[in-house]
Amino acid sequence: MFEREPWFYERILPEFEAYQRAKGVGERDGFVAYAKSYVAYYKSMDQGTVLVMEDLGRRGFRMYNKLLPLDYNHVKLAMVQLGRFHAVSFAMKRDRQKVYESLKVSNPIVEMFRKNRYCRFLVSESLKLALEIPGLTEMERTVLNQLKDNVLAEFEACLDIGQAEPYTAIVHNDCWINNCMFSYEEDGLHPKELILIDWQLGCCAAPAVELIYLFYLCTDTQFRAKHFEEMVQLYHQSFGILLRKLGGDSDVDYPYEVLKKQLRRLGRYGVMMGSFLVPTMCIPSEDLPNLDESAARQKSTDQYELPYKLDEKSLPVYQERMLGVIRDAIKFGCFDL
């Protein structure tokens, strides 16, 4: 996993940039929503990773408050950039197939869950926690139990690239609040640019996985009720605009109905990842343990427990947000497949 981020900065993103430039697409209309890298190197776990990046703070970029759901303007900006990002993949698959194939890497999340019992434990136990939310219906309990009892099989089914082909792209694969940085207008409130950071999970997958992550983890049920369809349309519109500039056709290469089908199929993935990550977004960062250290400590004792604790302040916030995730996934037809 640690070699992926240097791979993105050393190979994938420069190839994407060069391809867009060759097609006459400049920064204003293309995908350049990533930090500049001056050195990107990985050889082995022992010798480590070297990444020398620009300081985004000097350009006015900052993190969003993870305790707050993303609002309309932040999500809108993300949809535009993700649409452009995925459009480059679809165009390169057609025009520079050999180059594109050489850039593809498999989804590390599948391997993590196959090999790492602690990862499976975290999601299974997080789904148990979700089962304690007051007011769950019998159907909602059935859905959560189904996911809890089949964590690995559900991950493998959701992330099976064979089911997604030929509608796949190189994706960020970890597109949530903590991996987005924004710059703002002079009022400090309205975002004007987005930069995606932390490409360690990047891979080839269904593009809809990015939208699932962003919608289910980073917005609330009120936002999804008002704007979900609008934002999906905006994403596909942005995708189509850049794809046309690159010589493609979104109605052929990635039809809107295919995107909606992927969103329905991947909704259960959003519930599983949400069960673990939504709690961490309801707890201030200073109150969260270091997850890597917690995993190493628990692995050494072979006695696992969830690394976070919800208190009387964070518990009701978590329960409201997680209940919204569960109910929206059901409402959007993600368990009708």
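Asparagine 173 has its place in the loop between strand 4 and strand 5, where helices (H or I, at least four residues) and strands (E, at least two) are DSSP runs, numbered from the N terminus. The phi of asparagine 173 is near 75°, a positive value in a residue other than glycine, and this asparagine is buried, with a relative accessible area of 1%. Here buried means under 20% relative accessible area, exposed means over 50%, and partly exposed lies in between, with a 1.4 Å probe and protein chains only.

This is a predicted model, in which local features need pLDDT of at least 70 and side-chain atom pairs count only at pLDDT 80 or more, while totals for chains, interfaces and linings use all residues. Residues are numbered from 1 along each chain as its sequence is written, and side-chain values use heavy atoms, with hydrogens and water left out.

**Backbone features in loops**

Aspartate 198, in the loop between strand 6 and strand 7 (203-205), also has a positive phi in a residue other than glycine, but aspartate 198 is partly exposed. The table sets out the two residues.

| Residue | Phi | Relative accessible area |
|---|---|---|
| Asparagine 173 | near 75° | 1% |
| Aspartate 198 | near 60° | 28% |

Another backbone feature belongs to proline 166, which is in the loop between helix 8 (161-164) and strand 4 (169-171): the peptide bond leading from glutamate 165 to proline 166 is cis, with omega near 5°.

**The sheet**

Strands of a sheet pair through backbone hydrogen bonds, either parallel or antiparallel. In this model an open sheet of 3 strands has the order 3-5-6, with antiparallel pairing, and two strands count as paired if DSSP finds at least two bridges between them. Its edge strands are strand 3 (62-63) and strand 6 (191-196), each of which pairs on one side only.

Strand 3 and strand 5 are joined in the antiparallel sense over 2 bridges, and methionine 63 stands opposite methionine 181 in strand 5. Strand 5 (residues 180-184) and strand 6 pair in the antiparallel sense over 5 bridges; within this pairing, phenylalanine 182 stands opposite leucine 194 in strand 6, and tyrosine 184 stands opposite proline 191 in strand 6. The hairpin of strand 5 and strand 6 has 6 residues between the strands, and there glycine 188 takes a positive phi near 75°.

Arginine 84 is in helix 2. Which side chain of opposite charge is nearest to arginine 84? It is aspartate 29, 5.0 Å away, and arginine 84 is buried yet has no salt bridge, a term that requires a side-chain nitrogen of Lys or Arg within 4 Å of a carboxyl oxygen of Asp or Glu. For charge, Lys and Arg count as positive and Asp and Glu as negative, while His and the chain ends are not counted. The backbone oxygen of glycine 30 lies 3.1 Å from a polar atom of the side chain of arginine 84.

Methods:
A polar contact is a pair of N or O atoms within 3.5 Å; within protein, one must be able to donate a hydrogen and the other to accept it, and residues adjacent in sequence count only if both atoms are side-chain atoms.
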